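Please look through the sequence and the structure shown below before reading on.

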Amino acid sequence: MEKKRNAFEMNIAAIKLMIEQDGLVPGDRIPSERELAERLAISRPSVREALRTLAYLGIIETRHGGGSFLLNRDDHTYIQIIAQFLVTGDSKFEDLAGTLRLLEQSAIAQLDDHTFLEEHLDSDTAFRETLINTVKNDLFERIWRQVNAFYQSFGQGELYTRAEREALLKRS
């Protein structure tokens, strides 16, 4: 399994390097699967898998019947970090949930008045969403939304119990 993952990561790295060496900029079309397979001496299924991952990481966009295009990576750097962490298998669900909790605890610490959150204690989703909507930092909110989306994709349910939500408010 380790050998397969290393080959997978090497394929992604090879495609990213080729993009840089070719001087492609956001909006440019990247070579076809066939051309990538020939240039990099890897199989087309391996190229396809790597391209799907690069799309997931927000590095490229694949348009059905139109090819793959390089996206503006600067807009997605934080997404890339999180997604690569998850895709490479170095992740643990606990780390993801812990990061989300740290972000939310930081948001609560910024509040002067948190009484408005008391009306949302019955719903984990409403409580957390209302909390993040109070943050006046667009990047923080965007990072939280991505981490939360990854958390939700695991289908684990609530991040906090009602008692934990109550305790969060008492601590702040």
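This is a predicted model: local features need pLDDT of at least 70, side-chain atom pairs count only at pLDDT 80 or more; totals for chains, interfaces and linings use all residues.

The secondary structure of the protein chain consists of 8 helices and 3 strands. Followed along the sequence, these elements are arranged in the pattern α-β-α-α-β-β-α-α-α-α-α. Contacts may also be sorted by separation in sequence: among those in the protein chain between residues at least 6 apart, 61% join residues at least 24 apart.

Attention may now turn to helix 5, which covers residues 93-109, and helix 6, which covers residues 124-133. How do the axes of these two helices cross? They come within 9 Å of each other, and the crossing angle is roughly 55°. Helix 5 is therefore oblique to helix 6; an angle from 35 to 65 degrees lies between the ranges called roughly parallel and roughly perpendicular. The crossing in which helix 5 passes helix 6 is left-handed.

Which residues meet where helix 5 and helix 6 are in contact? Helix 5 contributes L100, E104, A107 and I108, while helix 6 contributes F127, R128, L131 and I132. Sorted by class, the contact of helix 5 with helix 6 comprises 6 nonpolar residues and 2 charged residues, with no polar residues.

Terms used: Residues are numbered from 1 along each chain as its sequence is written. Side-chain values use heavy atoms; hydrogens and water are left out. Axes are lines fitted to C-alpha atoms, for helices over the stretch in contact, and angles run from 0 to 180 degrees between N-to-C directions. Helices (H or I, at least four residues) and strands (E, at least two) are DSSP runs, numbered from the N terminus. Angles under 35 degrees count as roughly parallel, over 145 as roughly antiparallel, 65 to 115 as roughly perpendicular and the rest as oblique. A crossing is left-handed if the near helix is turned anticlockwise from the far one by less than a right angle, and right-handed if clockwise. Contact means heavy atoms within 4.5 Å. Ala, Val, Leu, Ile, Met, Phe, Trp, Tyr, Cys and Pro count as nonpolar, Asp, Glu, Lys and Arg as charged, and the others, Gly among them, as polar.
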